[in-house]
Amino acid sequence: MVVLQIRELERYTENVLVFPPFHIEVARHEVIALYSSMNVRNTLLAMLTGRLPLSSGEIWLNGEAYSGNKKAYLSQLGLLLLEEGLYERLTVKESFIFYKNLYGSDTALDSIIRTVKLESKVNIRLSNLSLSEKRRVQYARLLFQDPALFVFEEPDQNVDNETKLVFQKIVRTLGDSGKSVLVLTGNMETALSVTSQVYRLDERGLKAFDVQDTHDSHKQANQSGLLVDKEVRQVVGEVVGEVVEEVVEEVVEEAAAEEEPVVQLVRFEKIPTRMNDKIILFNPPEIDYIESSEGQSILYIKGEMYPTTFKINELEERLQTYGFFRCHRSYIVNLQKVREVVTYTRNSYSLILDDQLKSAVPLSKTKMAELKEMMGLK
């Protein structure tokens, strides 16, 4: 069952495109992360809450639109904002009693206190809590509200590891219990810590990241192996009966030999990177540039850094046909992203990229001559 449905939503600000029309759905049990800039995130939140009218497209929560039934719509929406106030003169326990009464919650007070790991702080005023502990109080508020859709904006920004673990456990529990969760963040690590369903929203539209969970992959492989092994045992048992062990071993060896995979030489178009226990696959045109430091290659994509296991020489070979250029012994650049070539001294050059950060990538003297030749310059 779909809880959140966004169709053909589009936004311009002063004739500048924030995001083009896009479509996304969040169903029950689903946890989805939306990776975006602060501007995109703030705009989307304003449209979700009705503070910004929809010029095109529509948003539904369980079939209700803000314009159709404001009260029914907002009752199903739970928000945790990055900048959110607290009643700091209250103690933790007093705050939780207030939230429980405000939302008419049946959830036991002690259960929420344990969930957010604030057992030792129940009689402490919020003003005396750390930033991380205050964030956990905010998590608790949403748990008392218990909406159909939970929306978290930068939920673990500048918090300690314990609070990050608390948040991750809360999200897993919400998903398992049938709730829908949307995480809005500009931090890829935050997105990947709670889900493998990660999308990027920007002026080019909505795009899903190709993410693989290595734990799930290993688990599926092991389960497949067990199922195959079980089936083989059943067949052998039915056909062979009480055949001696030597014959069984021979049959198994022959079966294994027959099932050897055929190796096919294919060209893998994407570059894999690893973050936490997830593997993200990037299309080469998405990459701005690559830096090699102490044997580790780092991909730079829209200001974010992604480590990869490939050495820079391997990446140079794989990416050459996509318009990438080895501009320095430690750098590879996507020439389609280069806006300027800057000369600082007679032997010092830099390539300025056409990205938000206007990134500067070093260009060695020998490579400068090669680049001029490629571009037909003298």
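I looked up leucine 353 first: at 1% relative accessibility it counts as buried (under 20% relative accessible area; exposed is over 50%, partly exposed in between, with a 1.4 Å probe and protein chains only). Leucine 353 lies in strand 20, residues 348-353 (strands are DSSP runs of E with at least two residues, helices runs of H or I with at least four, numbered from the N terminus).

The model is predicted, so I note that local features need pLDDT of at least 70 and side-chain atom pairs pLDDT 80 or more, while totals for chains, interfaces and linings use all residues. Residues are numbered from 1 along each chain as its sequence is written, and side-chain values use heavy atoms, without hydrogens and water.

I then listed contacts (heavy atoms within 4.5 Å). Leaving out residues up to four places away in sequence, leucine 353 touches, among others, Asp288, Tyr289, Val338 and Val361. Valine 338 is 15 residues from leucine 353 in sequence, yet their C-alpha atoms are 4.4 Å apart.

Next, helix 10. Ile312, Leu315 and Leu319 are the buried residues of helix 10, residues 312-319. They cover an arc of only 55 degrees around the axis, so they sit on the same side of helix 10 (the arc is that of the directions from the helix axis to the C-beta atoms). Asn313 and Glu317 are exposed on the other side. I found the buried residues packing against several strands, including strand 12 and strand 14 (289-293).

Last, strand 12. Strand 12 runs antiparallel to strand 13 (residues 278-282), joined by five bridges (pairing takes at least two DSSP bridges). Methionine 275 stands opposite lysine 278 in strand 13.
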